[in-house]
Amino acid sequence: LGLFLHYAFATLHDSQLVARLRLIVTQPTLYPRTHFARHVRAWRIHAFTAVQFVAVAVLVLLKLAPFGIAIIFPLGVLSVLIVRAALLPRVFRHDELGELDRL
């Protein structure tokens with residue numbers, strides 16, 4: 001368990017979600033020169049971050065739920081995929097999603 005926790009905390013600084021969460025409390029003039037900060041407006045970055053944070057929070061809550069609800073965790077993962085494929089392209093432009101969701 002300790003090794004997994006160490007690995008999780010050691011890789012947090014490389015996470016795009018964590019980087020975008022830090023941008024919420026940073027002035028736009030101080031944004032780093034990352035690809036998405038140069039090409040996407042700040043409020044669009046924050047909106048995408050909010051959607052992604054809510055999705056992660058729902059998945060964590062499903063995972064931590066008691067036995068009866070935790071079994072539907074795979075359906076939660078499937079719903080996140082459906083939201084990404086069907087709903088987000090209606091809210092964000094294709095080029096914005098390409099910049100924000102780049103691997």
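Mentor: Let us begin with confidence, since this is a predicted model. The chain has a mean pLDDT of 85, and 98% of its residues score at least 70.

Trainee: Which elements have the lowest and the highest mean pLDDT?

Mentor: Where pLDDT is low, the predicted coordinates should not be read in detail. Here the lowest mean among the elements belongs to helix 5, at 73, and the highest to helix 6, at 90.

Trainee: How many helices and strands are there in the chain?

Mentor: The chain holds seven helices and zero strands. Its C-alpha atoms fill a box of roughly 45 × 35 × 20 Å along the principal axes. Of the contacts with a separation of 6 or more, 55% join residues 24 or more positions apart.

Trainee: Which residues of helix 2 are buried?

Mentor: The general idea comes before the case. An α-helix has 3.6 residues a turn, so residues three or four places apart point the same way. In helix 2, which comprises residues 16-24, the buried residues are Leu17, Arg20 and Leu23. They cover an arc of only 115 degrees around the axis, and therefore lie on the same side of helix 2.

Trainee: What covers the buried residues of helix 2?

Mentor: The cover includes helix 3 (35-39), helix 4 (42-64) and helix 7 (94-100).

Trainee: Which residues are buried in helix 4, and against what do they pack?

Mentor: Arg44, Ile45, Phe48, Thr49, Leu59 and Leu62 are buried in helix 4. The buried residues of helix 4 pack against helix 2, helix 3, helix 5, helix 6 and helix 7.

Trainee: Is Thr49 buried or exposed?

Mentor: One reads the relative accessible area, and under 20% counts as buried. Thr49 has a value of 0%, so it is buried. The side chain of Thr49 reaches the backbone oxygen of Ile45 at 2.8 Å. Setting aside neighbours within four places in sequence, Thr49 is in contact with Leu17, Arg20, Leu21 and Ile24.

Trainee: Which residues form the largest nonpolar core?

Mentor: That core has eleven residues: Leu23, Tyr31, Phe36, Ala37, Val40, Ile45, Phe48, Leu88, Phe92, Leu97 and Leu100. Helix 3, helix 4 and helix 7 each contribute at least two residues to this core. Leu100, one of the eleven, touches residues including Phe36, Val40, Ile45 and Phe48.

Trainee: What does Glu99 touch, and is Glu99 buried or exposed?

Mentor: Glu99 lies in helix 7. Its relative accessible area is 15%, so Glu99 is buried. Beyond residues up to four places away in sequence, Glu99 touches His35, Phe36, His39 and Val40.

Trainee: How does Val83 count by relative accessibility?

Mentor: Val83, found in helix 6, has a relative accessibility of 32% and therefore counts as partly exposed. Val83 and Val51 are 32 residues apart in sequence, with their C-alpha atoms 9.5 Å apart in space.

Methods:
Residues numbered from 1 in each chain as written. Predicted model: local features only at pLDDT ≥ 70, side-chain atom pairs only at ≥ 80, totals over all residues. Heavy atoms only, no water. Buried < 20%, exposed > 50% of the residue type's maximum accessible area, 1.4 Å probe, protein only. Helix = DSSP H or I, 4+ residues; strand = E, 2+ residues; numbered from the N terminus. Arc of directions from axis to C-beta. Contact = heavy atoms within 4.5 Å. pLDDT = per-residue confidence, 0-100. Core = buried A, V, L, I, M, F, W, Y, C linked by side-chain atoms within 4.5 Å. Polar contact = N/O pair within 3.5 Å; in protein donor to acceptor, adjacent residues only side chain to side chain.
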